[in-house]
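Hello! Please take a moment with the structure below, and then we can walk through one of its sheets together.

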Amino acid sequence: MPVATYLQAVNLALKEEMRRDPDVFVMGEDVAVLGGAFKATEGILDEFGPDRIIDTPISEALLVGAGVGAASLGLRPIVEMQFMDFISCGFDQLVNMAATARYRHGGGLRVPLVVRGPTGAGVHGALFHSQDPEAWFTRVPGLKVVAPATARDARGLLKAAIRDDDPVIFLEHKRLYRSVKEALPDEQEPEPLGVARLARGGSDVSIVTYGGTLPLCLAAAERLAAEGVDVEVLDLRTLLPMDFAAIARTVGKTGKLLAVHEDRRTGGLGGEILARVVEDLWDELDAPPRRVTAKDTHTPFAPTLEAFVLPSEDEIADAARGLAAY
Amino acid sequence: MKLTREFEERISRLHLQNKVFGGVYSGRGQEAIAVGCCADLGPQDVVFPLHRDLGVFVVKGVEPGRLMAQILGKEGGLSRGKDSFLHAGDLSKGVFGGTSMLGATLPVACGAALKFKLRHEPYVAVAFFGEGASSRGDVHEAMNFAGVHQLPVVFVCENNRYAYSTPQSLQMAVEDVAERAAGYGMKGLVCSGNDLAAVLETMGRALRRARDGGGPTLVECKTYRYRGHSEHDPARYRTEEELLEWSTRDPIPRWELYLEARGRDVAKVRRETEAEVTRVVDEAVAFAEASPEPEGPEAFEDLYATPLAVPEAPEGPAAFEPEPPQLTH
């Protein structure tokens, strides 16, 4: 297969799973005729017809709720949020309905629902088209949260999410949609959920990251390699459940942890990663662990403001360099 | 109706004995709605009951013992002690349990109805909500979608005139919730929710329409909540006159009059029913009281259908083995 973008990988996974399983169908705003605001669902209407991809009214609560209903009766709905920011309008259905359905029914039903869509900042989307909502959901038992950073993972993890029997929130970083490209195999099996991937091996400092900040971390690691600092980069890929064994392995190896994410600092996943490492791996640590994240404010519109707020390659490199020298 | 009323009486008694912890929400006075709306449903039709709709569970065939165990928070309950009162379901009987966010099951019912439509299955989804929940956005989104796709769904509004303490006059500027159906391209029907015969007739029309591909219906059943919002609520915000007026419309004597007018020996029916009801409720209480209490670690069970991937053991100290079941962190 020729080189595919991250966006094409998403589209490919959707079509492959729809060909494989007639129970898989898509619902969302502007997904059918338009093919989605970002074209993630382009070509699906032509190939599969209007019973397999449904344009809905602007009704996020309905979308998630109807997904729960159809999934509970055996279908495998994929619900698109046009922008993941809009999940706030479907929050109750996701957190209180989808995540508790199995629990409230004593294990007597399953909810194979995928809620997917573009997340993240860095494209001047301003306050309501830039949000990173993962930390709203990574503390909700009953949900799974996935955030791929490569085209290969976008394809493999989305396939796994669709085949999974639990509600999965699938966060596609919109800045990666067209900027990330790689050669994909003709056939690709699902990537298991809940397993991190070592994106770069190293011995001096461990960077733990996911989603939109992976390319920044890899670029920073490359830069530091030229300075003689050997950085390891762990891509979490799945945020709930989180692969703490992999975090423990890399921290055990380097003794130095830098958690990086595009989401805000306070209440972000980096805090949880650091807390767990400090609690469980104190004796392994050779330096106080650190975080590089967005600043604790909204993601603003003007390019200068946005750049000020978001984590940068420079900040990541500086933090990793500091840890290495500690 | 007799069964649900006796069942609730027994719950109240257990509540007074401090055997029921948590909220107790009575459907007393509203029994004809849950019972009448489910009387003509098949096992494959899916119902989304409210917290007062004990009759939905009973008519759909959920075991009374498991219901009582559910209310007592026992292992033998529908949610195995996980959630309280009627926040549970039994999908094997076509009952999908609701949450405390009233009206939130209507979008879910649309998803069930969408499945029936996409698969050309002759079944119906029935979702109950109160006039209180009719103010919520979920209800609007669901009805709008059901109208657009002409889904086989019946929305049943149990208008008992109060959302907790708030009277209908402070909830909406119209008399009939059913009027709103027009805005969604569906029929709205109003009936007395205290008259089982009227509920059966009205629901029959809605079900026929749904099964014949005629799309959704909004059925509004006018009724009255005899008890407070919950057993803790003395409901002093209501007038004596109002209570008295509605007490003359009790659905059970009303149904007996209906039977009598059709030549049935009501005294005999009553004797037979009462004996059966007492037996069923006694057995349900016995089952529930004998059912064990969950011990604690079951709180981790039933969260996920697919076991979470447990990554291979780390090379570091053994302390970092993930603790099964690995929930979040």
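Predicted model: local features only at pLDDT ≥ 70, side-chain atom pairs only at ≥ 80, totals over all residues.

1. In chain A you can find an open sheet of seven strands, in the order β3-β2-β4-β5-β7-β6-β12, with mixed pairing. Strands of a sheet pair through backbone hydrogen bonds, either parallel or antiparallel.

2. Now look for the edges. Strands β3 (53–55) and β12 (238–240) of chain A each pair on one side only, which makes them the edge strands. On average, neighbouring strands of the sheet are turned by 20 degrees against each other, direction ignored.

3. At the β12 end, β6 (residues 144–146) of chain A pairs with β12(A) in the antiparallel sense, over two bridges.

4. Is β4(A) mostly covered or uncovered? Mostly covered: five of its five residues are buried. Arg76(A), Ile78(A) and Glu80(A) point one way from the strand, while Pro77(A) and Val79(A) point the other way.

5. Strand β4(A) has parallel partners. Five bridges join β2(A) to β4(A), and Val24(A) has Arg76(A) as its bridge partner. Three bridges join β4(A) to β5(A), with Glu80(A) partnered by Arg116(A).

6. Finally, trace the chain through β4(A), helix α4 (residues 91–104) of chain A and β5(A): together they make a right-handed β-α-β unit.

Key. Residues numbered from 1 in each chain as written. Chains lettered and ligands numbered in written order. Pairing = 2+ DSSP bridges. Helix = DSSP H or I, 4+ residues; strand = E, 2+ residues; numbered from the N terminus. Axes fitted to C-alpha atoms, helices over the stretch in contact; angles between N-to-C directions. Buried ≥ 20, exposed ≤ 12 C-beta atoms within 10 Å, placed from the backbone. Right-handed = clockwise from strand over helix to strand, strands pointing away.
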